[in-house]
Amino acid sequence: IVNVSNPGNPYQAGYYQTPGTAKGVVVSGNLAYVADHAMGLRIINVSNPASPYEVGYYSTSGDAYDVEVAGNLAYVAEETGLRILNVSNPASPHQVGYFGSGGRAYSVALAGSLAYIANGNSLRVVNVSSPSSPYQVGSWSAPGNAWGVEAAGNLAYVSCFQAGLHIVSVSNPASPMEVGYYEEGQ
């Protein structure tokens, strides 16, 4: 946990050693949700940054790579797809839904009722309005290994390893299309 209140002089305010390899983290309220690779999802209380402690965990069936949280739901990108967990009781998270992505889900981003999954060979657009029954509404074939995704407005930003950053319009989620890209050295 790094204090960045003075950006010119950041310092470590606290530390928590997860049992696995932390691949992704998101903070919601006083809780940090950590995608901890082979050790699943770890939920860490960070209300006192100097003394964080684990309050709960969920063992995913595959390696956990990324996590996003919206309300009482955690969306975990894992080895076989997107696992949706109810985290209203952080000490006892439980699965409410699952979407098999057809490959490793390396990253997840949320925008409204849609989840965007970077799963290596593509970007998957998944409707999660009913968390117990997520379904794919569209996809975009990536030119390289899609490892990261962020969403803002009607755009998804997909990092494709050595193929650079690709900007995909998702204004029509059923038919995402690339609108721009940046490759280092252009």
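1. Two strands count as paired here if DSSP finds at least two bridges between them. Keep that in mind as you look at this predicted model. Take strand 7 and strand 8 (residues 73-78): 6 bridges join them, and they run antiparallel.

2. Next, have a look at strand 12 (114-118). Are its residues mostly buried or exposed? The strand is mostly covered, with 5 of its 5 residues buried. You can check this face by face: Leu 114, Tyr 116 and Ala 118 are buried on one side, and Ala 115 and Ile 117 are buried on the other.

3. Strand 11 (residues 107-111) is joined to strand 12 by 5 bridges, and the two run antiparallel. Here Ser 107 stands opposite Ala 118. The hairpin of these two strands has 2 residues between the strands, and Gly 112 takes a positive phi near 65° in that hairpin.

4. What about strand 13? Strand 12 and strand 13 are joined by 5 bridges too, again running antiparallel. The bridge partner of Ala 118 in strand 13 is Leu 123. A hairpin links strand 12 to strand 13 through 1 residue.

5. Some of these residues turn up again in the largest nonpolar core, which has 16 residues. Tyr 116, Leu 123, Trp 140, Val 149, Val 158, Cys 160 and Val 168 touch the most other members. Strand 12, strand 13 (120-127), strand 14 (135-146) and strand 16 (155-159) each supply at least two residues of this core. There's also a second, separate core of 14 residues, including Leu 31, Ala 35, Ile 43 and Ala 64. As background, nonpolar side chains tend to be buried together in soluble globular proteins.

6. Last one: which residues does Cys 160 touch, leaving out those up to four places away in sequence? Cys 160 touches Trp 140, Ala 142, Pro 143, Gly 144, Asn 145, Ala 146 and His 166.

How values were computed: Residues numbered from 1 in each chain as written. Predicted model: local features only at pLDDT ≥ 70, side-chain atom pairs only at ≥ 80, totals over all residues. Heavy atoms only, no water. Core = buried A, V, L, I, M, F, W, Y, C linked by side-chain atoms within 4.5 Å. Buried < 20%, exposed > 50% of the residue type's maximum accessible area, 1.4 Å probe, protein only. Helix = DSSP H or I, 4+ residues; strand = E, 2+ residues; numbered from the N terminus. Contact = heavy atoms within 4.5 Å.
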